[in-house]
Amino acid sequence: MNSCLWGKAVLGLLAVLLVTLMGCEEKKVNDSEHLYKARDYYQQKNYDATLIELKNALRVNSSNSEARWMLGKVFLQMGNWSAAETELRKAVDYGVSTSAVWPYLAKAMTKQQKYRDILQEVNLESFQDNALRANMMAYRAEAFLGIKMSEKAFLTIKQASLLSPESIDVKLIHARILTMTNQEGRALEILTSVVSEHPANSEAWLWKGRAERSLENYEAAIESFGKVVKEASFSAPARLERALVYIRLQRTEEARADLEALERIAPDSSRVLFAQGSLNLQQEQLRDAQILLEESLRAAPEVLETELFLGVAHA
């Protein structure tokens, strides 16, 4: 009897061990399967589906470094800068090389205006590849501009351009720096060249539209913004910029359509509130304009343009 019981106990333990081993193997297979599907969706620019698969992969194996790295890139594409930074830093912690992570991490930090952190954390000596080092120099240049060190910004972007003259990232950052320092003509030359060679580059089209808007090339600006309104991470800024052009041209219905879309995408944005208030002001709906412009000014009190428009609304 004891021998029988002992035999059953051994068989029970073997069964438990077999199930455990099968569970581990299933965990490994599931982890890989989700990651494989995520890569496929990412190539198709289906970021919602990519996000689901990556989260499933991490639910199975939270230390999957490639999943963390990809998740950071997906959040970057979706415009969730803070989440992108969090996941990219985790990717480094789990073993992804800094050279693979920093081009994306620097962009996420720039979008959050973490300029001093970029200047403190980016060590150019750790990037051996010239193209990668040039890209990181370009992000440092933009950071210098962000803390009002314009001379240092231009010196750094010039060095980056000399180091890697064909780098798209360097060209885009150079164009952004020129646009933000009221040199839209030079910026437009760079951006026109970029979109000619890389017509699928949404960020180049967005900044090309901004340069054209500043130069009052309004129809060209509308066309440029139209190239990117369906891209997840550029939809809100492109629609906002296009709406402002439509308002400037008094194309009310088209402006209203973009603003209605923006209410769903970014309802609390100070710039969206400003655009809505501007449209109401143009339509002489003064009370509505006052309310929206006051909300915009509370959210971003440093914007002089909003204060000027609000003064007109109260006049």
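Colleague: Let's start with a side chain: at 29% relative accessibility, what does R89 count as?

Modeller: Keep in mind that this is a predicted model. Buried would need under 20% and exposed over 50%. At 29%, R89 falls between those limits, so it counts as partly exposed.

Colleague: And E85, is that one buried or exposed?

Modeller: E85 is the salt-bridge partner of R89, at 3.0 Å from N to O. Its relative accessible area is 9%. The cut-off for a buried residue is under 20%, so E85 is buried.

Colleague: How far apart are E85 and R89 along helix α4, in helical turns?

Modeller: Both residues belong to helix α4, and they sit 4 residues apart there. Because of that spacing, their separation is about one helical turn.

Colleague: How many residues apart in sequence are the parts tied together by R251 and E219?

Modeller: The side chains of R251 and E219 meet in a salt bridge with an N to O distance of 2.9 Å. R251 lies in the loop between α13 and α14, while E219 is in helix α12, so the pair ties together parts whose separation in sequence is 32 residues.

Colleague: Which helices hold R271 and E305?

Modeller: R271 forms a salt bridge with E305, and their closest N and O atoms are 3.5 Å apart. The pair ties together parts that are 34 residues apart in sequence, because its two residues lie in helices α15 and α17.

Colleague: Staying in α15, is Q276 buried or exposed?

Modeller: Q276 has its place in helix α15, residues 270-282. Leaving aside neighbours within four places in sequence, Q276 is in contact with L259, E263 and L292. With a relative accessible area of 10%, Q276 is buried.

Colleague: What about K171, buried or exposed?

Modeller: K171 is in helix α9, residues 168-180. Beyond its neighbours within four places in sequence, K171 contacts P165, E166, I190, V194 and E197. Its relative accessibility is 16%, and since the limit is under 20%, K171 counts as buried.

Colleague: On to the nonpolar cores: which helix gives the largest share of the largest one?

Modeller: That core has 48 residues, and L54, W102 and I157 have the most contacts inside it. The largest share of this core is 10 residues, and they come from helix α7.

Colleague: How many residues are in the other core, the one with W205 and A243?

Modeller: This other core lies apart from the largest nonpolar core, which has 48 residues. Among its members are W205, A243, L259 and A275, and its count is 42 residues.

Colleague: Back to I157: which residues does it touch?

Modeller: I157 is one of the residues with the most contacts inside the largest nonpolar core. Not counting residues up to four places away in sequence, I157 touches A138, A141, V170, I173, H174 and I177.

Colleague: Which helices do the buried residues of α5 pack against?

Modeller: The buried residues of α5 include V101, W102, P103, L105 and A106. W102 is also among those with the most contacts inside the largest nonpolar core. The buried residues of α5 pack against α3, α4, α6 and α7.

Colleague: How far apart are the end C-alpha atoms of α5?

Modeller: Helix α5 has 14 residues, and at 1.5 Å a residue they should span 20 Å. The actual separation of the end C-alpha atoms agrees with that, at 19 Å.

Colleague: Zooming out, what is the radius of gyration of the chain?

Modeller: The chain has 17 helices and 0 strands. For 315 residues the globule rule gives 20 Å, and the chain is well over that, so it is more spread out than a compact globule; its radius of gyration is 25 Å.

Colleague: Last one: what percentage of the residues in the chain is buried?

Modeller: The C-alpha atoms fill a box of roughly 100 × 50 × 35 Å along the principal axes, and the accessible surface comes to about 17000 Å². Out of the 315 residues in the chain, the buried share is 45%.

How values were computed:
Residues are numbered from 1 along each chain as its sequence is written. This is a predicted model: local features need pLDDT of at least 70, side-chain atom pairs count only at pLDDT 80 or more; totals for chains, interfaces and linings use all residues. Side-chain values use heavy atoms; hydrogens and water are left out. A nonpolar core is a set of buried Ala, Val, Leu, Ile, Met, Phe, Trp, Tyr and Cys residues joined through side-chain atoms within 4.5 Å. Buried means under 20% relative accessible area, exposed over 50%, partly exposed in between (1.4 Å probe, protein chains only). Contact means heavy atoms within 4.5 Å. The expected span of a helix is 1.5 Å times one less than its number of residues. The radius of gyration is taken over C-alpha atoms; the globule rule is 2.2 Å times the number of residues to the power 0.38. Accessible areas come from the Shrake-Rupley method with a 1.4 Å probe; for residues, only the protein chains shown count as cover. A salt bridge is a side-chain nitrogen of Lys or Arg within 4 Å of a carboxyl oxygen of Asp or Glu.
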